[in-house]
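Please keep the sequence and the structure in view while reading.

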Amino acid sequence: MKVKSELVCFLIHILVQFSMYMFAAWVHGDPRKVIYPTDSYGQFCGQKDTLNENKTILFYFNILKCASPVVLINLQCPTTQLCVSKCPDRFATYIDVQASYRYKPDQWNYFRQFCKPGFNNPRKSVAQVLRDEDCPSMIIPSRPFLKRCFPDFSTKNGVLTVANQTTFKDGRGKTRNVTDLREAANGINNVLDARSVGMKIFEDYAISWYWILIGLFIAMIVSLLFLVLLRFTAGVLFWIFIFGVIGIIGYGIWHCYWEYDHLKGIPGSDLTVYDIGFQTDFRVYLQLRQTWLAFMIMLCVIEVIIILMLIFLRNRIRIAIALLKEGSRAIGYIMSTLFYPIVTFILIAICISYWAVTAVFLATSGEPVYKVMANQTLCKYANLTCDPETFNRTNVTKLCPGAQCTFAFYGGESLYHKYIFIFQLANAFVFLWLVNFAIALGQCTLAGAFASYYWASRKPADIPLWPLFSSFGRAIRYHTGSLAFGALILAIVQLIRVILEYLDHKLKGTQNSFTRFLLCCLKCCFWCLEKFLKFINRNAYIMIAIYGKNFCTSAKEAFFLLMRNVVRVAVLDKVTDFLLFLGKILVAGGVGVLAFFFFTQRIPVFAQEAPTLNYYWVPLLTVIIGSYLVAHGFFSVYAMCVDTLFLCFCEDLERNDGSTAKPYFMSASLHRILGKKELSPKKAVG
């Protein structure tokens with residue numbers, strides 16, 4: 001009854017949370033606020049069924065005002081912002097267009113599309129037009145970026161220009177330099193550079209995606225091949241893992257030294273990273289000797305650490321390999337377990353999608369809020385809320401010349417809007433809970449399948465027909481409440497860590513030494529607590545799969561069982577994890593070396609097939625990281641198998657004594673390597 005009550009509470013909570021957040025978010029939220037820019041009146045550019053439907057780009061009346069400190073404070077440019085269908089492609093001022101209206105009406109027709117909608121009075125005085133901001137004082141050649149019009153900068157002979165001009169008229173009787181525009185758009189400069197890099201990276205992905213998929217497919221085949229061969233040659237393959245990793249790192253050391261020596265005497269190669277600063281073209285760093293020296297030192301340190309660990313743990317590694325051999329047999333009989341990570345991936349993807357959609361709707365909840373934007377820092381009305389429809393009839397414009405009532409952000413004063421942050425926090429908590437539950441379900445399912453292998457008297461005759469499917473059914477039907485409770489405890493600790501990181505970020509500029517020390521201690525303590533809970537939960541799920549008891553009882557029994565075998569835990573569990581980690585590194589490193597030679601066109605047979613790239617490290621890093629994740633997916637099943645068999649082995653030693661009445665269930669090879677007496681015959685299975 002207790003398990004059923006836990007399940008009912010879990011389902012009710014998830015349904016309530018889902019209904020509350022999604023209803024509140026979908027009623028008040030609007031994701032278009034993230035996608036579309038907003039003009040000074042809080043209207044979306046490009047919104048369907050509105051006057052701005054065909055006006056998808058935001059235009060700034062006077063972008064020079066964007067250099068004001070007000071931009072940094074309010075994250076809004078203190079000038080009228082208007083939705084337009086396209087950015088201006090020429091220099092023009094309202095004064096010149098008005099003067100030539102009679103004999104050049106086409107210029108006015110072009111200019112007025114950047115004025116407020118409905119304004120068509122070129123005879124209105126310039127002073128009144130600029131005062132009421134009916135039209136911009138000037139337009140400059142611009143291009144759309146992030147659906148906003150920004151000056152179309154270019155460099156000619158090392159000189160900054162806009163449409164091949166270095167100066168322009170500001171429409172107020174002054175001639176300005178285009179460097180003023182650069183200062184106003186200085187915050188956009190880095191974004192434009194990033195856009196250039198981003199476009200090159202996108203091009204590299206567009207050209208090399210086919211080969212990236214081939215690399216990941218090779219990683220999958222190699223990982224699967226390793227796990228299949230482990231059933232027959234576990235010892236040999238894991239020594240190949242070990243020496244393969246040593247060999248790959250050794251090659252990396254040699255290659256770094258070769259590059260370091262090859263750059264000797266080349267002009268500019270002796271510069272430091274500090275001398276050249278940050279560069280968007282990362283190939284610049286590979287032309288420095290200091291870069292390759294740093295790589296070589298790091299690889300040497302890693303190589304020495306691995307070799308020392310192998311020397312001091314050589315006997316322990318033999319025992320771990322014996323357990324891995326047993327695990328390889330279990331996986332060999334239950335091959336379907338290798339593909340279960342796909343189920344966990346799908347469940348986690350659903351959780352991420354739910355959290356992301358809800359978070360976007362919550363973040364975009366609220367009505368448009370308008371604030372007074374004033375250039376004068378002494379204006380007492382600055383940053384106060386205002387109403388754009390009645391703003392021109394107030395005294396603010398008289399007391400603060402140039403002040404405007406512009407859109408600031410989306411928010412509100414209702415009870416719902418005051419607690420949006422709490423809703424976001426609760427949404428994050430539900431996300432963590434669901435993700436941990438999906439992981440717990442996978443661990444319990446795999447543990448049940450591998451436990452059915454270990455406790456089978458005759459292998460494989462006594463193994464259930466569909467062990468993985470049967471274990472999944474038991475976990476869903478009987479253990480959902482226990483898994484949800486374990487996931488809840490872990491989610492609470494993770495949420496506290498998220499809050500601590502948020503506080504650390506918010507108080508970074510104001511905290512004193514004691515506050516920094518306290519936050520650091522709390523973050524460290526909760527990090528350790530999370531790691532400990534993950535370890536306890538993992539073993540508790542194994543005990544749940546074996547005995548079917550509730551979470552607390554299973555966690556207690558697993559903890560004391562491990563404490564009674566703490567030496568074996570330290571030796572076998574960690575050494576096994578280390579060997580599996582070397583396997584992941586070997587797969588990722590081997591595929592990475594192959595990808596490096598391919599994308600740098602150093603394989604003569606495939607030199608013509610290799611694509612020409614802007615940055616060869618883009619597909620290379622993608623292949624390496626992706627290969628590691630693919631290998632991790634396969635080897636995580638193997639790690640769960642070893643942990644389950646180890647816990648079953650410890651339980652087997654305590655429950656049985658090897659006699660005819662109580663025979664061991666472990667295999668003869670595992671029993672022999674662990675130093676036990678010869679196995680007694682198992683009881684006859686009736």
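## Nonpolar cores

Leaving aside residues up to four places away in sequence, I306 touches V245, I246, I249, F578 and L582, where contact means heavy atoms within 4.5 Å. I306, F450 and Y454 touch the most other members of the largest nonpolar core, which has 103 residues. A nonpolar core is a set of buried Ala, Val, Leu, Ile, Met, Phe, Trp, Tyr and Cys residues joined through side-chain atoms within 4.5 Å. Another core, of 19 residues, lies apart from it and includes L82, A92, F111 and I139.

## Basis of the model

The model is predicted: local features need pLDDT of at least 70, side-chain atom pairs count only at pLDDT 80 or more, and totals for chains, interfaces and linings use all residues. Residues are numbered from 1 along each chain as its sequence is written, and side-chain values use heavy atoms, with hydrogens and water left out.

## Annotated transmembrane regions

An unreviewed UniProt entry lists "transmembrane region" for residues 209-229, 236-254, 292-313, 333-357, 430-455, 476-500, 578-599 and 620-640. UniProt positions are given in the numbering used here, feature names are shortened, and annotations may be inferred rather than shown by experiment.

In the model, residues 430-455 are 96% helix and 0% strand, with their end C-alpha atoms 37 Å apart. For residues 578-599 the span is 100% helix and 0% strand, and the end C-alpha atoms lie 31 Å apart. Helices (H or I, at least four residues) and strands (E, at least two) are DSSP runs, numbered from the N terminus.

## Salt bridges

A salt bridge is a side-chain nitrogen of Lys or Arg within 4 Å of a carboxyl oxygen of Asp or Glu. The count by this rule is eight salt bridges. One of them joins D134 and K124, whose closest N and O atoms are 2.7 Å apart. This pair links distant parts of the chain, ten residues apart: D134 is in the loop between α6 (126-132) and β4 (138-139), and K124 is in the loop between α5 (105-111) and α6. Both D134 and K124 are buried; buried means under 20% relative accessible area, exposed over 50%, and partly exposed in between (1.4 Å probe, protein chains only).

E501 also forms a salt bridge with K523, with the closest N and O atoms 3.7 Å apart. Here the link runs between distant parts of the chain, from helix α17 (residues 480-506), which holds E501, to helix α18 (residues 513-547), which holds K523, 22 residues apart. E501 counts as partly exposed because its relative accessibility is 39%, and K523 is partly exposed with a relative accessible area of 23%. In the salt bridge between K549 and E557, the closest N and O atoms are 2.8 Å apart. K549 counts as partly exposed at 34% relative accessibility, as does E557 at 25%. Salt bridges that share partners join R497, E530 and K534 into one network.

## Two buried loop residues

S100 lies in the loop between α4 (94-99) and α5. Why does S100 count as buried? S100 counts as buried because its relative accessibility is 6%. A polar atom of the S100 side chain lies 3.0 Å from the backbone oxygen of D96. Not counting residues up to four places away in sequence, S100 touches P105 and Q107.

L263 is placed in the loop between α8 (186-262) and α9 (273-276) and counts as buried at 8% relative accessibility. L263 and L286 are 23 residues apart in sequence, and their C-alpha atoms are 9.8 Å apart in space. Residues up to four places away in sequence aside, L263 touches S269, L286, Q287, L288, R289 and W292.

Terms used. Polar contact = N/O pair within 3.5 Å; in protein donor to acceptor, adjacent residues only side chain to side chain.
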